[in-house]
Amino acid sequence: MASTAQERFEEARRVFNDTEKNKRVDLRDSTTLAQVQSVLRNAEKAEIVYLKASRAVLEANGPAVEAAYKAAKSANDAVSKARKDAEAVADRIRKVATAISAVGDLVNKAKS
């Protein structure tokens, strides 16, 4: 079954909410300046992607959109699992960046 515009938007909201909710924890757990910068960069990018998604109508369909939706959902699920499993901050940072990128790709492909 094809994803809906609402489901696509939900992935953008999900990555933004997760990043904002956990930014303090990720900053606290960061042990290097590079990690701190990555956490802050991820938060900024997540907000940009979310704002783009909220302005766009994610109505386009097709195999590329569905593949991007599945990639975004999978990447967001990996972030949730990493937080649940209390993975190291470096792994969480990497997974959040991957999720933001995947959601950004979804937004770009699903804009009508």
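Mentor: Let's start at Glu 11, which is buried, with a relative accessible area of 5% (buried is under 20%, exposed over 50%, partly exposed in between, using a 1.4 Å probe and protein chains only). This is a predicted model, so local features need a pLDDT of at least 70 and side-chain atom pairs one of 80 or more, while totals for chains, interfaces and linings use all residues. Residues are numbered from 1 along each chain as its sequence is written, and side-chain values use heavy atoms, without hydrogens or water.

Glu 11 sits in helix H1 (helices are DSSP runs of H or I with at least four residues, numbered from the N terminus). Leave aside its neighbours within four places in sequence, and Glu 11 is in contact with Tyr 69, Ala 72, Lys 73, Asn 76, Val 103 and Leu 106 (contact means heavy atoms within 4.5 Å).

Follow one of those partners, Leu 106. This leucine belongs to helix H4 and is buried too, with a relative accessible area of 0%. Residues up to four places away in sequence not counted, Leu 106 touches Arg 8, Glu 11, Val 65, Ala 68, Tyr 69 and Ala 72. Tyr 69 and Ala 72 are therefore on the list for Leu 106 as well as on the one for Glu 11, whose burial goes with an accessible area of 5%.

Glu 11 and Leu 106 both take part in the packing of H1 against H4. The two helices meet at an angle of about 155°, with 10 Å between their axes (axes are lines fitted to C-alpha atoms over the stretch in contact, and angles run from 0 to 180 degrees between N-to-C directions). H1 is therefore roughly antiparallel to H4 (roughly antiparallel is over 145 degrees, roughly parallel under 35, roughly perpendicular 65 to 115, and the rest oblique). On the H1 side the contact is made by Arg 8, Glu 11, Ala 12, Val 15, Asp 18, Thr 19, Val 25, Asp 26 and Asp 29. H4 brings Val 89, Arg 92, Val 96, Ala 99, Ile 100, Val 103, Leu 106 and Ala 110. By class, the contact of H1 with H4 has 10 nonpolar, one polar and six charged residues (Ala, Val, Leu, Ile, Met, Phe, Trp, Tyr, Cys and Pro count as nonpolar, Asp, Glu, Lys and Arg as charged, the others, Gly among them, as polar).

H4 has another partner in helix H2. H2 (residues 33-55) and H4 (residues 89-110) pack at about 20°, their axes 9 Å apart, and are therefore roughly parallel to each other. The residues that meet include Val 39, Ala 46 and Val 49 from H2 and Ile 93, Ile 100 and Val 107 from H4. By class, this contact has 12 nonpolar, four polar and two charged residues.

Now back to H1 and its charged side chains. Asp 18 forms a salt bridge with Arg 83, with 2.9 Å between the closest N and O atoms (a salt bridge is a side-chain nitrogen of Lys or Arg within 4 Å of a carboxyl oxygen of Asp or Glu). This pair joins distant parts of the chain, as Asp 18 is in H1 (residues 5-29) and Arg 83 in H3 (residues 63-84), 65 residues apart. Both residues are buried. They also belong to a salt-bridge network together with Asp 26, Arg 28, Asp 29 and Arg 92. Arg 28, also in H1, is exposed, with a relative accessible area of 59%. Its C-alpha atom is 36 Å from that of Val 57, 29 residues away along the chain.

Lys 81 and Asp 85 are joined at 2.5 Å, N to O, and Asp 85 is partly exposed, with a relative accessible area of 40%. Lys 95 and Glu 87 are joined at 2.9 Å, and both are buried. Finally, look at Ala 86 in the loop between H3 and H4. This alanine is exposed, at 60% relative accessible area, and has a positive phi of about 50° although it is not a glycine.
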